[in-house]
Amino acid sequence: MKRREFLQSMTALAASTGVAAPAVWSPAKAQSRKETLLLVTENGPNNLDIHGVGTNRPGYEASWNCYDRLITNGKKSLADGSLSYDRDKFVPELAEDMNIGDMSVTFKLKKSAKFQDGTPVTAKDVKWSYDRAVSVGGFPTVQMKAGSLVKKEQFVAVDDNTFRIDFVKKDRLTIPDLAVIVPGIYNSELLKKHATDKDPWGLEYTKSNTAGSGAYKVTSWKPGVEVVYERNDAWAGGKLPELKKVIWRTIPSSGNRRALMERGDADISFDLPAKDFSEMKKEGKLKMISNPISNGMYSLELNVVHPPFDNEKVRQAVAYAIPYQKIVDAAMFGIANPLFGGNSNDVASILWPQPTGYMTDMAKAKALMAES
């Protein structure tokens with residue numbers, strides 16, 4: 001995994017959770033740290049396990065790098081040459097083969113796959129992990145349900161290296177749902193040793209310890225200070241990363257993060273304020289990466305149950321009255337794209353549908369208000 005690829009894994013969850021994450025990459029001193037990367041961000045994880053209660057987005061990122069899935073998304077090149085995950089392409093990670101039937105999907109596991117403590121990954125671990133995901137409640141269980149993965153009986157360990165999922169119904173989201181990080185595979189025997197009657201899934205242990213087979217393992221975590229990743233040299237999920245160590249440091253001040261990047265004392269940062277990002281982009285001293293993501297947005301949402309916003313024409317008037325370009329220029333310093341979609345009959349949408357582009361039209365807004 002190169003710096004750019006690690007950055008991609010760290011920002012991928014930003015897309016899935018609706019947060020845009022423009023990133024900055026500094027090559028200034030990278031050559032003196034060929035096998036170690038220093039990442040600086042505003043916030044660190046509050047939990048190393050995405051299954052944990054209240055795990056924040058940085059915690060999702062920790063899980064992404066430390067836990068494998070059966071399959072993951074492939075990659076594609078965007079128009080500007082940067083890499084992005086491909087939503088519609090799937091490649092094996094722990095699985096070496098995937099056979100989709102009419103009402104089930106069967107996976108053959110890589111026999112070389114091992115957890116970070118050296119124990120083999122088996123179909124029993126996969127079943128236990130899927131059972132965990134649909135049982136712990138909260139976000140993990142909701143995410144699994146999105147792909148109609150809802151009950152333990154769906155998951156079958158056929159033998160040590162064969163795992164099957166039986167569908168409760170035909171759902172086009174089932175396979176894509178297997179590629180997100182929630183159905184990560186956990187070392188079941190290790191976690192059973194740390195389970196209790198009150199904590200049958202070992203959530204307290206995985207809050208501060210990793211128990212996966214992923215490309216990295218966390219060897220040190222000081223909440224609010226830093227996370228240290230070290231490479232799992234036995235990783236079977238893909239090409240062995242080039243980076244042996246990643247230090248993820250929490251630097252709350254955006255000004256300090258910017259200074260570290262500009263001096264070359266840090267390699268990567270993301271989620272810098274739009275003003276800083278815009279200024280640094282114009283200066284052209286650092287590599288800036290910013291990919292538009294479909295569900296990373298700021299939006300104005302109206303309560304359509306009560307007047308006046310239960311009136312469709314009022315909602316349309318609001319949509320026409322919004323100064324889109326002024327918001328993009330003044331509030332986001334040009335680091336944003338106007339987004340349109342929805343349907344004027346969709347009560348959840350205030351977006352007046354436009355075939356292309358966007359517009360502010362106060363005359364139409366006033367006319368619609370008069371009609372309402």
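A search of the whole structure, which is a predicted model, finds 19 salt bridges, each defined as a side-chain nitrogen of Lys or Arg within 4 Å of a carboxyl oxygen of Asp or Glu. Side chains of opposite charge can pair when their charged atoms come close. In this predicted model, local features need pLDDT of at least 70 and side-chain atom pairs count only at pLDDT 80 or more, while totals for chains, interfaces and linings use all residues. Residues are numbered from 1 along each chain as its sequence is written, and side-chain values use heavy atoms, with hydrogens and water left out.

Helices (H or I, at least four residues) and strands (E, at least two) are DSSP runs, numbered from the N terminus. R249 is partly exposed, at a relative accessible area of 31%, whereas E226 has 15% and counts as buried. Here buried means under 20% relative accessible area, exposed means over 50%, and partly exposed lies in between (1.4 Å probe, protein chains only).

A second pair joins two helices. D276 forms a salt bridge with R258, and their closest N and O atoms are 2.7 Å apart. D276 belongs to helix α9 (residues 274–283) and R258 to helix α8 (residues 254–263), so that the pair links distant parts of the chain, 18 residues apart. Both D276 and R258 are buried. These two residues also take part in a network of salt bridges, in which R258, E262, K275, D276, E279 and E283 are linked. A further salt bridge connects D265 with R263, at 2.8 Å between the closest N and O atoms; D265 is partly exposed, with a relative accessible area of 24%.

Helix α9 also holds S278, which is buried at 9% relative accessible area. Leaving aside neighbours within four places in sequence, S278 is in contact (heavy atoms within 4.5 Å) with F333 and I335. F333 lies in the loop between α11 (324–331) and α12 (362–371) and is partly exposed, with a relative accessible area of 36%.

The backbone deserves a look as well. Most residues other than glycine have a negative phi, and most peptide bonds are trans. F333 has a phi near 50°, a positive value in a residue other than glycine. S148 likewise has a positive phi, near 60°; S148 sits in the loop between α4 (138–146) and β7 (155–159) and, at 7% relative accessibility, counts as buried. The peptide bond from P307 to P308 is cis, with omega near 0°, and P308 is placed in the loop between β13 (287–289) and α10 (312–321).

Finally, there is the matter of confidence. The protein averages a pLDDT (the predictor's confidence in each residue, from 0 to 100) of 85, and 84% of the residues score at least 70. Over residues 6–21 the pLDDT stays under 50, and the model has 55 contacts beyond four places in sequence for this stretch. Residues 341–358 also have a pLDDT below 50, with 34 contacts in the model beyond near neighbours in sequence.
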